[in-house]
Amino acid sequence: MELTGDKNLILGEVGLPAADNLKRNAEDVAEDGKVDSKKTRTESCFDQPVDSSVHEVIKYSPSALPAKHYDADTTEPISCGLSSMNDLLSWSRSEANPFNVAAVPLAPRKPRLANCLRRTLVSHDMMGGYLDDRFVQGTSSEEPYAFYHWQYIDIFNYFTHQMVTIPPAVWTNAAHKHGVIVLGTFITEWTDGEAVCEAFLKDEESYRAVADKLVQISHYYGFDGWLINIENPLSEGAVKNAPLFLRYLTEQMHERVPSSLVLWYDSVIENGKLTWQNELNQIFFDACDGFFTNYNWTEENLEGMKNYSVVQGRQADVYIGVDVFARGKVVGGMLETNKALEVIRKHNFSAAIFAPGWVYECQSDKSQFRTHQDKFWALLSDYLYIHRPASQLPFISSFCQGFGKAVYRKGQHETAKSWFNLAAQEIQPLYYRMALEDGGWVRSSGCPEDAWNGGCSLLLDGLIPTTLNTPVCAKIFSLHVPLESKIMVTLVYKASAGITVSLQLRTTDSSHCSHTDVHEVTLSSVTPETVGSGPQLESQMSELCGNRDLHGWTVRCSQLELHGCVLREVCVLIHREGEPQDTTFSCRVGEIMVLDVDTLQPPTDPVRGLCIDDVVWLSGAGSSPEGSSPCLRLNATLRWDCPLESVRHFRVYWRRLRGPDPRIPPGQLELLARAYSNQFRVTELLVPEPPSVLELLVEPVTRWGSLVPESQWGRRLLSYTE
């Protein structure tokens with residue numbers, strides 16, 4: 001491993017507090033004054049002894065779970081929006097969907113949004129919305145759509161034509177992990193929308209009631225604001241109150257949700273007419289955080305807007321709309337979207353890229369989705385700005401994009417079927433194709449054919465030309481991560497023949513950064529003197545670095561001591577072996593970890609309590625494992641308490657303990673799924689005939705992958721009879 005200095009880093013910026021946007025008081029009652037009985041029941045469950053049992057009498061009654069939050073057939077939790085004003089005004093926390101609450105706080109990044117002078121917003125509008133992404137716990141999907149070029153964008157808006165679009169939690173979790181702000185959408189349209197606006201914009205009490213509900217929804221579900229889209233005419237009275245509604249909503253969002261934004265879409269104008277101006281409207285711009293223009297602008301529109309007095313000092317708050325589908329008379333679009341970005345950046349405005357899912361929707365061969373998406377964003381890359389994750393250590397990524405052909409764990413299949421769950425997405429690397437001298441090249445891309453952890457690895461491939469005598473440097477991450485102590489760095493990879501691979505860390509100016517004791521760490525060198533003290537720490541080091549060749553993957557560990565450094569870039573160096581000649585190469589990178597040695601201790605917080613509620617029994621076709629009776633399927637919600645900061649995910653298991661036939665011994669642990677928050681819905685689990693006892697268990701998986709003793713798992717017995 002190499003450590004080099006780098007002087008080109010923006011210093012002096014203060015990062016966003018990682019958890020500020022998700023602060024919630026667990027003792028709060030709902031906004032309507034009702035006590036959340038489910039929360040009270042769960043908290044009392046946490047105090048029960050770990051070996052206590054829950055008893056169920058089987059009843060085949062229809063599910064009482066709300067159909068809008070749970071699939072009617074399987075009781076799988078789903079995300080959804082609100083379709084009417086009545087749905088919005090009657091919304092309350094006590095009846096909200098707990099599974100759609102984001103589990104990931106907004107991560108810090110450099111530069112902060114306030115310091116970005118030309119921002120990029122993505123508005124995701126695809127086929128009506130709430131597709132595979134509506135399944136909160138993920139779903140089986142052969143060829144799903146996903147977004148993973150987060151380093152290029154500042155804001156993500158989830159757009160549908162429902163009145164209130166609440167972003168699915170999987171999107172909020174993935175965006176927040178990369179420091180990207182997430183906006184829902186409030187939209188009114190057509191004749192029905194006109195009637196809705198007349199009702200809620202008639203007076204101050206009415207528009208405040210709507211704004212208050214929008215604030216409560218954003219705060220509860222953990223996303224960061226709203227795009228307001230009024231696409232219908234307004235009466236004189238309604239249009240007079242529209243800026244007041246917008247200003248009140250913006251003020252309340254700022255008070256309740258730190259880092260929040262409220263944006264207005266270019267539609268109605270100050271006289272209430274529905275007229276897409278394709279440029280700024282001062283009245284609405286003054287009342288909120290930013291303005292999203294329509295798509296049929298010309299360069300003359302942008303030239304004129306630069307000179308508006310209201311724009312001075314707020315040019316970054318003007319988001320020029322770009323329709324990737326190129327509908328109407330637009331600049332660029334499709335695979336010429338870069339032409340629109342070129343003009344927008346020329347005039348120093350922000351950009352709002354609408355429906356970049358075009359790369360998926362309009363390509364018949366969905367198996368080539370990654371190729372199409374990487375090509376599209378590569379075309380735009382000259383006009384976009386790379387943002388750097390700025391969280392404290394540990395920094396860890398296995399490059400999982402949130403979907404794949406299998407789920408891997410330490411290089412082996414954990415499950416062997418196609419899947420999609422953006423909550424599983426890890427910090428994404430840089431994807432690109434870079435030319436080298438004399439026809440050489442290097443490319444980075446996602447590879448679902450093999451992985452170390454999750455659904456894909458990072459594939460580095462290319463050609464080293466004969467004339468290149470230095471290693472190929474493949475940049476993987478751009479970061480802003482403080483390094484103030486003794487650190488451990490691990491690299492997991494598979495390389496083709498004829499090359500060697502090493503890792504390079506680039507830090508800030510070396511005059512401000514000293515480092516000592518750079519050495520390769522092997523199992524034999526792990527002693528209390530080199531990494532700390534105590535057998536527990538030695539055990540952690542053994543797990544990380546003890547097996548240097550695991551299932552074909554090479555695991556390399558290095559340890560170094562640093563003082564006053566900031567990690568700026570992580571690169572993989574590809575070295576050619578032997579005589580100079582044109583050399584093709586490939587290297588799958590499975591995982592990179594940068595760890596603070598002082599934190600490499602077993603987790604001290606167990607999974608506290610494990611509650612089972614919302615049980616639904618189903619009797620279906622087929623026979624049970626132990627006889628000819630119709631098969632019995634269990635559906636139930638598990639909830640537990642465990643700090644999420646040090647947890648990568650949870651593994652949820654079950655096993656049979658006792659059944660109707662005492663001659664059958666207890667069963668083995670069977671993995672149900674991974675969970676990415678402190679709750680999980682078990683669905684359609686085939687269980688033995690009653691009377692029986694089974695056990696449900698939750699294993700926390702640490703961020704760096706160390707084993708957690710079973711004594712710290714959550715567990716609960718479930719007995720059931722007819």
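A residue is called buried when its relative accessible area is under 20%. The views below show a predicted model.

**View 1. Asn301 in helix H8 of the predicted model.** Asn301 lies in helix H8, which spans residues 299–305. Is Asn301 buried or exposed? Its relative accessible area is 16%, and because the limit for a buried residue is under 20%, Asn301 counts as buried. Leaving aside residues up to four places away in sequence, Asn301 touches Asn278 and Glu279.

View 2. Strand S9 comprises residues 261–265, and five of the five are buried. The strand is therefore largely enclosed by the rest of the structure.

**View 3. Strand S9 beside strand S8.** Strand S8 (residues 225–231) runs parallel to S9, and four bridges join the two strands.

**View 4. The β-α-β unit containing S8 and S9.** Helix H6, residues 236–256, forms a β-α-β unit together with S8 and S9. This unit is right-handed.

**View 5. Strand S9 beside strand S10.** Strand S10 (residues 290–292) is joined to S9 by three bridges, and these two strands run parallel. Which residue of S10 is the bridge partner of Trp264? The partner of Trp264 is Phe291.

Notes
Residues numbered from 1 in each chain as written. Predicted model: local features only at pLDDT ≥ 70, side-chain atom pairs only at ≥ 80, totals over all residues. Heavy atoms only, no water. Buried < 20%, exposed > 50% of the residue type's maximum accessible area, 1.4 Å probe, protein only. Contact = heavy atoms within 4.5 Å. Pairing = 2+ DSSP bridges. Right-handed = clockwise from strand over helix to strand, strands pointing away.
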